Amino acid sequence: MTSENSDVTGDSGPGLAALVASGTVDVPDFPKPGILFKDLMPLFGDGATFRKVVDGIVGHYGADSFDVVAGVEARGFVVAAAVAYATGTGVVPVRKAGKLPRPAFSATYALEYGEATLEVSEDAFTAGQRVLVVDDVLATGGTAAATMDLVEQAGGVIAGFTVLMELGFLDGRKRLEPRGVHALLTV
Ligand code: AMP
C-alpha cells in the first residue's frame, strides 16, 4: 500500500478516495499496449481497507433504498457480494456471454476494439425490484450502460450505480446520464 494522498477526490469524500487510491496498483500496458490497468486486488486483499470501502458504499445509500445488488463479472462480484451481505440483500451476477445455465437476457456493447456481451438470468429480479449495480472501474461506461439495460429488461429498477474508481477522462459518467454515478475515487 502507498501512503494516503490528500489531493484525491471522490463522491464519498477524500478519505475514502484516498483509501481506494492506496489499494490500487497501476499496471501499464495490460491487457494490451496503451491501457493503464487499475488493479484493485490489493484493496480486496486488505481486510480493514475492504471493510471501510464496503461500509462507504453502504453508507452512501439510505437504509432500505435497494433490494438486491448486481455485480458485473468478475471483479464486480467481489464488491456486490460484500455489499449484499452487509445489507442483508441478495446478489445477482451479471455474467459474460454463455455462462448462465438458464434462459437469459443479453446486451451487446462496443469495446475499444470489437464488442462484448453481458447476460443476466431472465428470472433474476422480481418486477420492480430496486437494484444497486456495482463494479470496480468505470471507464467508457459501455459495461455500465449494458448492465443497467439488462437490469431493466429483467424487470428491475435501477436504485443506484457505484464504482470504486472512475476514469474521469473517459467521460463514462456523461454517457450514463441521466442516471447518476457514485464513484469512491475519480482519477
Ligand atoms: P467500460 O465499459 O469501458 O466502462 O469498462 C469498464 C469495465 O472494464 C469494468 O468492468 C472494468 O473492470 C474494466 N476496465 C476498463 N478499463 C479498466 C482499467 N483501466 N483498469 C481496470 N479495469 C478496467
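Student: Which residues are buried in H1?

Tutor: Happy to start there, keeping in mind that this is a predicted model. The cover over the buried residues of H1 includes H2, H3, S8 and S9. Buried here means under 20% relative accessible area. In H1 the residues that are buried are Leu16, Ala17, Ala18, Leu19, Val20 and Ser22.

Student: How far apart are the end C-alpha atoms of helix H3, and what span should its 14 residues have?

Tutor: Helix H3 runs over residues 47–60. At 1.5 Å a residue, its 14 residues should span 20 Å, and this agrees with the distance between the end C-alpha atoms, which is 20 Å.

Student: Which residues of H3 are buried, and which are exposed on the other side?

Tutor: Let's take the two sides in turn. Thr49, Phe50, Val53, Val54, Gly56 and Ile57 are the buried residues of H3. They cover an arc of only 150° around the axis, which puts them on the same side of H3. On the other side of H3, the exposed residues are Gly47, Arg51 and Gly59.

Student: What covers the buried residues of H3?

Tutor: Both helices and strands take part. Among the helices are H1 (14–22), H2 (41–45) and H4 (75–87). The cover also includes the strands S7 (130–138), S8 (157–166) and S9 (182–186).

Student: Is Val54 buried or exposed, and which residues does Val54 touch?

Tutor: Val54 has its place in helix H3. Its relative accessible area is 5%, under the 20% cut-off, so Val54 is buried. Not counting residues up to four places away in sequence, Val54 touches Ala82, Val83 and Ala86.

Student: Which residues come nearest to the ligand?

Tutor: There are 13 residues around the ligand. Of these, the ones that come nearest are Arg75, Asp135, Asp136, Thr140 and Thr143.

Student: What distances separate the oxygen atoms of the ligand from the side chains of Arg75, Asp135 and Thr143, and how much of the ligand does the protein bury?

Tutor: A polar side-chain atom of Arg75 is 2.7 Å from an oxygen atom of the ligand. For Asp135, an N or O atom in the side chain lies 2.7 Å from a ligand oxygen, and for Thr143 the corresponding distance is 2.6 Å. Taken alone, the ligand exposes 490 Å², and the share of that buried by the protein is 82%.

Student: Is Thr147 buried or exposed, and which residues does Thr147 touch?

Tutor: Thr147 belongs to helix H5, residues 142–153. With a relative accessible area of 0%, Thr147 is buried. Leaving out residues up to four places away in sequence, Thr147 touches Val72, Val94, Leu118 and Val133.

Student: And Glu166, is it buried or exposed, and what is Glu166 in contact with?

Tutor: Glu166 sits in strand S8. Setting aside neighbours within four places in sequence, Glu166 is in contact with Leu138, Arg173, Ala183, Leu185, Thr186 and Val187.

Student: Where is Gly34, and how far is Gly34 from Ala80 in space?

Tutor: Gly34 is in the loop between strand S1 (25–28) and strand S2 (36–39). At 66% relative accessibility, Gly34 counts as exposed. Gly34 and Ala80 are 46 residues apart in sequence, and their C-alpha atoms are separated in space by 29 Å.

Student: What is phi of Asp29 and of Asp171?

Tutor: Asp29 is found in the loop between S1 and S2. Asp171 is in the loop between S8 and H6, and is partly exposed, with a relative accessible area of 44%. Each has a positive phi in a residue other than glycine: for Asp29 the value is near 60°, and for Asp171 phi is near 60°.

Technical notes:
Residues numbered from 1 in each chain as written. Predicted model: local features only at pLDDT ≥ 70, side-chain atom pairs only at ≥ 80, totals over all residues. Heavy atoms only, no water. Helix = DSSP H or I, 4+ residues; strand = E, 2+ residues; numbered from the N terminus. Expected span 1.5 Å × (residues − 1). Buried < 20%, exposed > 50% of the residue type's maximum accessible area, 1.4 Å probe, protein only. Arc of directions from axis to C-beta. Contact = heavy atoms within 4.5 Å. Near = heavy atom within 4 Å. Polar contact = N/O pair within 3.5 Å; in protein donor to acceptor, adjacent residues only side chain to side chain. Areas by Shrake-Rupley, 256 points an atom, 1.4 Å probe, with all protein chains shown as cover.
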